[in-house]
Amino acid sequence: MSMSAIVTKYYKQIFKVLVTAHGFKQKGTLFYKLVNNKILQTIYLHQFSFGHSFTLNIGLFPICIGIDDELQLKDGTFRVGYLTQGYDYSWDYGFPGTKTEEVLVKETFMIVQEKVFPLFKKVIDEEKYQSFMFEFETKYYGSPIDNSSTMMWVNLKIGRYEKVLNIINKIELQNYDAAEANKVLYEEEEEYQIYLQSIENDLAEYRSIRTAIQKNDKAFLECLLQQNEEKSKKILEKLKIY
């Protein structure tokens, strides 16, 4: 048995209590729990392809964003090292002087108990998610990432329409700045125009949301959110985790 397989074996054994005592479900090395039909919480064993090291990907996913696939769940929102060392830390094994694989996995489970469980108990809806991400990104990245589609959907769900409009404006400007920067990559004007049209197509949904907010068309906005939530649930059904 390879050393990575040994880590996986102990991980499944030790973390099984998430299923038996904490209401999680399991698919391979992915543990998951849908809370209040709003937030999907995940823990995933991430083993690096180079060397012998692992970490845990921790996920918080509002279903209103429209979850794309299983890979998104495995990637998570951040790595557990941020909650302990304050950076993307990983646990090395199989080298002289390192702890055994079982001891290392037990240590990471203790971190889950002490750091992740309290977070999961706190982040149970979209507003709590937004507050946590604001604090997390400000602490570790210097400022919140406020031009993401994720935050647009979360703010739309909460009903913070002014914030949604600001995010859409930033996304639009970001795309146009990128288009201008990438212009040198296109020798033919026709090819560049095709590229610009693809950007316009990508921005179409954002603009429809902006128009709906300006017209106070809440039925349209609710329909979009419902479509996203159904999309998320279809992914969960496909994974047999909903």
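Biologist: How many residues sit between β2 and β3 in their hairpin?
Modeller: Three residues lie between β2 and β3. Asparagine 36 is in that turn and has a positive phi of about 55°. Keep in mind that this is a predicted model: local features need pLDDT of at least 70, side-chain atom pairs count only at pLDDT 80 or more, and totals for chains, interfaces and linings use all residues. Residues are numbered from 1 along each chain as its sequence is written, and side-chain values use heavy atoms, with hydrogens and water left out.

Biologist: How do β2 and β3 run, and how many bridges join them?
Modeller: They run antiparallel, with six bridges between β2 (residues 30-35) and β3. Strands pair here if DSSP finds at least two bridges between them. Strands themselves are DSSP runs (E, at least two residues), helices are H or I runs of at least four, and both are numbered from the N terminus.

Biologist: Which residue of β3 stands opposite phenylalanine 31?
Modeller: Isoleucine 43. On the β4 side, isoleucine 43 stands opposite isoleucine 58.

Biologist: And how many bridges pair β3 with β4?
Modeller: Nine, also in the antiparallel sense, with β4 covering residues 53-62. β3 and β4 form a hairpin too, with five residues between them. Glycine 51 in that turn has a positive phi of about 65°.

Biologist: Why is β3 described as largely enclosed?
Modeller: Because seven of its nine residues (39-47) are buried. Buried means under 20% relative accessible area, exposed over 50%, and partly exposed in between (1.4 Å probe, protein chains only).

Biologist: Zoom out. How many helices and strands are there?
Modeller: 10 helices and six strands. The protein has 242 residues, and 40% of them count as buried. Its C-alpha atoms fill a box of roughly 60 × 45 × 35 Å along the principal axes.

Biologist: New topic. How many salt bridges does a search of the whole structure find?
Modeller: It finds 13. The cut-off is a side-chain nitrogen of Lys or Arg within 4 Å of a carboxyl oxygen of Asp or Glu. One of them joins lysine 27 and glutamate 70 at 3.3 Å, N to O. Lysine 27 is in strand β1 (residues 25-27) and glutamate 70 is in helix α3 (residues 70-75), so the pair ties together parts 43 residues apart in sequence. Lysine 27 is partly exposed, at 35% relative accessibility.

Biologist: What does lysine 231 meet in a salt bridge?
Modeller: Aspartate 68, at 2.8 Å, N to O. Lysine 231 is in helix α10 (residues 218-238) and aspartate 68 is in the loop between β4 and α3, so this pair links parts 163 residues apart in sequence. Lysine 231 is partly exposed at 36%, and aspartate 68 is partly exposed at 44%.

Biologist: What about glutamate 172, buried or exposed?
Modeller: Buried, with a relative accessible area of 15%. Glutamate 172 forms a salt bridge with arginine 210, the closest N and O atoms being 3.1 Å apart. Glutamate 172 lies in helix α8 and arginine 210 in helix α9, so parts 38 residues apart in sequence are tied together. Arginine 210 is buried as well, at 17%. Salt bridges that share partners join Glu172, Glu200, Arg207 and Arg210 into one network.

Biologist: Last one. Where is glutamate 187?
Modeller: In the loop between α8 (161-182) and α9 (189-214). Glutamate 187 is exposed, with a relative accessible area of 78%.
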